[in-house]
Amino acid sequence: MSWSVVIPLLAFLAIIFFIGIWSSRKTAASESGFLQDYFLGGRELGGFVLAMTMVATYGSASSFLGGPGTAYTIGFGWILLAMTQVVTGYFVLMVLGKKFAILARRYNAITLTDFLKARYQSPVVVILSAAAIIIFLFSAMAAQWVGGARLVESLTGMSYNTALFIFAVSVLIYVIVGGFRAVAVTDAVQGSVMVIGTLILLVAVIVAGGGVPNIIRDLTAENPNLITPFGPDGTLSKAYVSSFWILVGVGVVGLPQIAVRAMSYKSSKSMHRAIIIGTIVTGVIMLNMHLIGVFARPILPGIEVGDKVIPLISMEVLPSWLAGVVLAAPMAAIMSTVDSLLILVSSTIVKDVYLNYIKPDASIKVIKRASFGVTAVLGIIVYLLALNPPDLLIFLNLFAFGGLEAAFIWPIVMGLYWKYSNKYGAIASMAVGMASYVFLHYYNQANGNLLDVHTVTIPVVLSFVAFVGVSLLFKREAFDYEAR
Amino acid sequence: METPKSKDDWRFKIANREALIGVALAVINFVWWFGFAYGMGSGDVEEYSYVFGLPAWFFYSCVLGLAVMIVLVALTVKFFFRDIPFEDGEEER
């Protein structure tokens with residue numbers, strides 16, 4: 001075990017932990033709007049915290065370990081692909097925008113499901129969306145949890161189980177005690193760590209490689225295709241790379257964990273600031289991390305497991321204490337994704353299932369106990385599952401990202417801006433999006449990508465057709481946004 | 001400040017316009033990204049030119065592209081986005 005790497009990492013965990021607890025004092029103080037406070041931070045996030053929590057929630061293990069690892073193998077073509085994510089920095093907040101903020105307040109919506117419930121007035125929509133969120137995001141959370149523990153394991157040499165335990169306890173306590181506000185505030189710190197960490201590492205990698213022109217020369221000498229947009233064997237196609245504009249770009253509007261943040265901000269001023277900060281931060285992190293992945297190749301050739309590129313290159317080019325600080329960045333990315341998913345899944349269970357269908361007249365005291373309890377129980381279940389991840393979990397996680405986008409994007413966006421949207425369209429769109437995503441996933445696995453685009457593309461188109469077609473077919477009646 | 005119209009919330013007009021601006025920015029972003037990457041990157045590697053040591057297609061598409069988008073987004077927000085209240089009823093005050 002390398003203590004000079006472990007100590008900065010543990011110090012980071014401790015700092016995050018105390019910030020989470022500290023920021024929770026406000027939640028404890030207010031009594032009346034407990035649900036809104038616990039699950040949405042009282043709708044008073046400022047611009048910086050809003051931007052950072054969006055970036056940090058979105059930037060998960062894949063942006064810090066998997067993505068750069070793939071860039072290491074594929075070359076510049078993968079950085080090009082990763083840069084499709086810059087659009088999320090402004091697009092989500094601009095498109096959901098002020099209308100979502102106004103309507104969420106008008107409907108008193110705390111979860112995405114609350115919004116859909118008020119907009120479509122249909123129990124089927126509520127149940128479908130709550131089920132999709134619980135099943136898929138629960139699996140996504142467990143997968144991230146496994147990733148976090150693996151990272152701690154590989155960095156410190158602790159056993160997987162010990163690593164998982166430390167990881168789980170530190171996340172669980174501040175989420176349970178602090179709620180959404182603690183999650184958002186720790187996300188802001190974690191986002192800052194990510195930006196600073198990637199900047200330090202990029203500079204160190206360029207220096208170690210003898211400057212950018214030198215690195216590029218080495219790459220070209222190894223395989224000239226590495227510096228083209230087409231991948232090492234020239235097979236990374238325009239259509240495939242462009243289709244990531246949907247998966248990790250504009251489609252992110254349909255992810256519940258991102259959409260819910262678009263109802264948590266205080267004012268249009270904080271939204272405006274968040275758009276600018278979010279664009280800068282997303283762009284800088286994505287560009288840096290993936291450049292690091294490619295630049296690492298001539299310095300440390302022959303790394304087989306993509307996820308290890310960033311840990312290995314950090315320990316190679318940085319003094320070990322600084323490597324510990326920099327490696328807190330992927331740790332931060334994983335933690336901030338996990339904590340956001342945990343609070344979202346709990347809010348769905350408490351607000352959308354328990355309060356809607358089991359006990360609508362629960363007293364504040366009962367709701368409070370239920371909220372803490374559900375969060376704690378969920379955390380413990382995830383912990384137990386992550387000890388020995390079952391196949392079903394891995395299976396469900398495959399559909400978590402693209403499947404949720406295909407299901408939710410049109411019910412959210414069209415529900416906001418098209419007054420003829422109705423529940424029939426929403427149900428059809430969710431069902432078609434999900435089903436075609438699962439089907440196409442297997443089809444593409446067996447036969448190669450249909451039309452040469454990522455699996456998510458066609459289901460998003462189909463669910464749009466289903467939404468508009470079925471909405472018009474059943475009942476052409478304008479929705480009154482002014483009614484409450 | 002405008003007076004609230006009888007039917008449609010005056011704020012929705014602003015919200016709709018800003019959402020469309022978001023879509024327009026995404027389209028500009030895509031065209032810039034795609035145009036430079038595949039317009040300059042499709043040729044022979046031996047004929048590539050370089051900017052700051054990076055392949056020119058990459059520099060213009062991703063590095064300069066990011067800078068351009070940040071500036072565009074900042075200018076759009078500063079000049080086209082309007083501050084509005086989110087709570088219902090505030091406009092009557």
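# Why these labels?

Visitor: Why is A:Lys98 called buried?

Guide: A:Lys98 has a relative accessible area of 1%. Buried means under 20%, exposed over 50%, and partly exposed lies in between (1.4 Å probe, protein chains only). So A:Lys98 is buried.

Visitor: What kind of model is this, and how are things labelled?

Guide: This is a predicted model, where local features need pLDDT of at least 70 and side-chain atom pairs count only at pLDDT 80 or more, while totals for chains, interfaces and linings use all residues. Residues are numbered from 1 along each chain as its sequence is written, chains are lettered from A and ligands numbered from 1 in the order in which they are written, and side-chain values use heavy atoms, with hydrogens and water left out.

Visitor: What makes B:Glu18 and A:Lys98 a salt bridge?

Guide: The rule asks for a side-chain nitrogen of Lys or Arg within 4 Å of a carboxyl oxygen of Asp or Glu. The side chains of B:Glu18 and A:Lys98 come to 2.6 Å, N to O. B:Glu18 is in helix α1 (residues 10–41) of chain B and A:Lys98 in helix α7 of chain A, so this pair joins two chains. A helix here is a DSSP run of H or I with at least four residues, a strand a run of E with at least two, numbered from the N terminus. B:Glu18 also counts as buried, because its relative accessibility is 1%.

Visitor: How many salt bridges link chain A and chain B?

Guide: There are 5 salt bridges between chain A and chain B. In one of them, A:Lys269 pairs with B:Asp83, with the closest N and O atoms 3.3 Å apart.

Visitor: Which helices of chain A supply at least two residues each to the side that touches chain B?

Guide: They are α6 (76–82), α7 (88–106), α11 (212–222), α12 (238–249) and α14 (268–299) of chain A. α14(A) gives the most, with 12 residues.

Visitor: How many residues count as part of the contact?

Guide: Contact means heavy atoms within 4.5 Å. The contact takes 54 residues from chain A and 47 residues from chain B. Chain A and chain B bury about 4200 Å² between them, 74% of it on carbon and sulfur atoms. Buried area is the accessible area (1.4 Å probe) that two parts lose on being put together, summed over both.

Visitor: What makes A:Arg181 and A:Glu44 a link between distant parts of the chain?

Guide: Their side chains meet in a salt bridge at 3.2 Å, N to O. A:Arg181 is in helix α10 of chain A, A:Glu44 in the loop between α3 (34–40) and α4 (47–58), 137 residues apart. A:Arg181 is called buried because its relative accessibility is 9%. A:Glu44 is at 33%, so it is partly exposed.

Visitor: How do you know that A:Glu222 and A:Arg297 form a salt bridge?

Guide: Their closest N and O atoms are 2.7 Å apart. A:Glu222 sits in helix α11 and A:Arg297 in helix α14 of chain A, 75 residues apart. A:Glu222 is partly exposed, because its relative accessible area is 46%. A:Arg297 has 16%, so it is buried. Elsewhere, salt bridges that share partners join A:Arg106, A:Glu482, B:Asp9, B:Arg11 and B:Asp88 into one network.

Visitor: Why is A:Ser340 called buried?

Guide: Its relative accessibility is 0%, so A:Ser340 counts as buried. A:Ser340 lies in helix α16 (residues 320–358) of chain A. Leaving out residues up to four places away in sequence, A:Ser340 touches A:Thr57, A:Val183, A:Asp187 and A:Arg261.

Visitor: Is B:Phe79 buried or exposed?

Guide: B:Phe79 is at 60% relative accessibility, so it counts as exposed. B:Phe79 is in helix α2 (residues 56–80) of chain B.

Visitor: What makes A:Phe165, A:Val169, A:Ile173 and A:Val177 a patch?

Guide: Patch residues have over 30% relative accessible area and no salt bridge; like charges are joined within 9 Å, nonpolar side chains (Val, Leu, Ile, Met, Phe, Trp, Tyr) within 5 Å. A:Val177 is at 41%, so it is partly exposed. A:Val177 is found in helix α10 (residues 160–208) of chain A. Together the four form a nonpolar surface patch with about 300 Å² of accessible area, a value from the Shrake-Rupley method with a 1.4 Å probe, with only the protein chains shown counting as cover for residues.
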